[in-house]
Amino acid sequence: VTLSALNAGQVWVTLIPNDGSSQTVRVNASVAGDNSVNATGDQIGSVVNLSGSALGTNGSDQVDFVTSTPVASNSIGIATADATFGGFEELVVGTAGELYALAEDRDALVVIEGTDFRVLQVVEDNFDGVVGLQAPSNLSVDRFGDFVRVRTGEQGIATFARDSATGVLTFLQVQQIEADTLDPFSSTVLKDVVYDDVTNTAVVHAEIEFSTGEVIERLKAFTVDQSTGVLTEVPDIPDGQNRHEGELDLPVGGTFVDVAFAASTSLVYALSENAGSNILRAISATSAGLSTQYQTDDSSLGLATATKIVPGDQYVHLLSESHDTVTSLQTGGGMFSLYQQAENGANGVTGMITPVSLVESIDGNSLLIVGRDADSIVVLSLDGVGTMTQRLSNNSAGITGLRTPIEITNGAASGNVVVATLGDSTTFGGLVSLGSVSELGNAPIQRSGELLEEDQLLSLIHI
């Protein structure tokens with residue numbers, strides 16, 4: 001008998017007939033996982049299978065089990081011996097303060113309680129009815145708490161229904177997205193997907209290769225079914241001025257550097273580059289299609305080197321990994337204007353090496369910026385200058401585990417700021433939880449270099 005998977009809470013039982021007399025039945029049973037042993041026969045893998053297990057001898061030993069070795073002491077999560085855990089690449093907060101994190105090297109979506117950081121759920125491909133969750137990225141949570149969405153593979157979007165009380169997820173579907181339906185031989189590769197949950201629309205950033213061999217990048221509008229999460233394309237119907245309602249194309253060779261949605265303005269911000277020219281657009285997305293509201297090509301705004309757009313409640317922030325700068329823009333009056341620009345090594349700013357993520361503080365007075373290559377969190381004032389008020393570094397002032405930080409968020413149920421880390425060869429990646437801006441430090445969630453077991457995966461060491 002071959003059993004491909006068991007859903008949560010289910011048990012597989014094999015009943016062996018017994019004629020009432022003494023008889024022996026030998027059973028082999030195994031499940032997927034590492035059941036390896038060392039040279040002396042000692043179990044070193046995480047799974048202990050049954051091999052020739054004798055049942056029924058002299059009327060005893062009627063039950064035996066396939067077992068799994070526990071994870072390391074003081075840790076929570078799941079374990080495997082086939083790889084070490086590479087950390088969480090993406091992190092978002094749910095509407096009840098729970099955390100959703102992507103472990104892309106494991107193709108896993110992890111649901112974490114936002115107060116004590118217990119792992120509530122691990123969602124992986126081919127387990128618990130989930131099919132098609134490969135190379136997940138582009139994690140997002142519906143602002144009303146209905147859905148969690150993940151881009152998967154080259155052109156898939158996996159949608160999960162979210163339990164409003166617990167945040168636990170139920171798999172709905174993986175939908176394959178086509179950004180061009182006029183050329184039946186074209187191929188689509190998704191780059192980004194952003195959602196406006198108020199208007200029930202989505203904007204897909206895709207690379208399209210046509211049957212002619214021509215390759216372009218496109219923003220394509222879709223409507224989103226508020227019951228199922230299924231996307232439906234907005235038809236591309238050119239009008240008399242050759243304006244396309246459902247899509248925005250760049251010329252051949254042009255790229256969209258990043259695309260982000262701002263809930264505070266209900267606009268999609270898209271930064272593009274073509275032949276040395278950079279344009280930042282503010283785009284309205286509705287069921288009628290895409291409409292550019294305003295745009296700028298002002299080089300003084302740091303468009304040429306920006307690699308990421310992070311919209312906040314008050315400003316739109318541009319991060320430059322190569323130039324170690326963070327530029328904050330105002331968007332009032334239907335235009336982009338410079339508010340402040342901070343650069344590592346200038347005006348007292350340090351530790352902002354390779355800024356990859358930021359979040360505005362809850363009170364709106366500060367920016368908390370991840371300096372990935374400095375293992376640091378830098379706090380800047382939103383004062384029109386970008387004055388640095390604090391820097392937190394790994395292995396300093398009681399902070400440990402802040403090795404290769406990659407994502408930062410606030411709004412967790414604990415009230416803390418939470419940082420996702422990738423770790424390195426001696427420090428496991430995971431989560432670091434920090435206090436409010438005025439008291440950042442003393443991380444209660446740490447990974448220690450002293451934990452040497454090679455088979456830990458998705459483990460949070462809870463001090």
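User: Which residue does Arg118 form a salt bridge with?
Analyst: A salt bridge here is a side-chain nitrogen of Lys or Arg within 4 Å of a carboxyl oxygen of Asp or Glu. For Arg118, the closest N and O atoms in such a pair are 2.8 Å apart. By the way, this is a predicted model, so local features need pLDDT of at least 70, side-chain atom pairs count only at pLDDT 80 or more, and totals for chains, interfaces and linings use all residues. Residues are numbered from 1 along each chain as its sequence is written, and side-chain values use heavy atoms, with hydrogens and water left out. The partner of Arg118 is Asp116.

User: Is Arg118 buried, partly exposed or exposed?
Analyst: Buried means under 20% relative accessible area, exposed means over 50%, and partly exposed is in between (1.4 Å probe, protein chains only). Arg118 has 40% relative accessibility, and Asp116 is at 26%, which also makes Asp116 partly exposed. So the word for Arg118 is partly exposed.

User: How many residues apart are Arg149 and Asp197?
Analyst: Their side chains meet in a salt bridge at 3.3 Å, N to O. Arg149 is in strand E11 (residues 147-152), while Asp197 is in the loop between strand E14 (187-196) and E15. Strands (E, at least two residues) are DSSP runs, numbered from the N terminus, as are helices (H or I, at least four). The pair links distant parts of the chain, and the separation is 48 residues.

User: In the salt bridge of Asp249 and Arg218, which residue is buried?
Analyst: The side chains of these two meet at 2.6 Å, N to O. Asp249 has a relative accessible area of 34%, so Asp249 counts as partly exposed. The other residue is at 3%, and the buried one is therefore Arg218.

User: How many salt bridges does a search of the whole structure find?
Analyst: Some of them form a network that links Asp180, Arg218, Lys220, Glu233, Glu247 and Asp249. As background, side chains of opposite charge can pair when their charged atoms come close. For the whole structure, the search gives 11.

User: What is the order of the strands in the open sheet of four?
Analyst: Strands pair if DSSP finds at least two bridges between them, and E19 and E20 (residues 267-274) are joined by seven. The pairing in this sheet is antiparallel, and the order is E19-E20-E21-E22. Each edge strand pairs on one side only, and these edges are strand E19 (255-262) and strand E22 (289-296).

User: Why does Ser322 count as exposed?
Analyst: Ser322 sits in the loop between strand E24 (316-320) and strand E25 (325-330). Ser322 counts as exposed because its relative accessibility is 57%.

User: What is the relative accessibility of Ala202?
Analyst: Ala202 lies in strand E15 (residues 201-209). Ala202 counts as buried because its relative accessibility is 2%.
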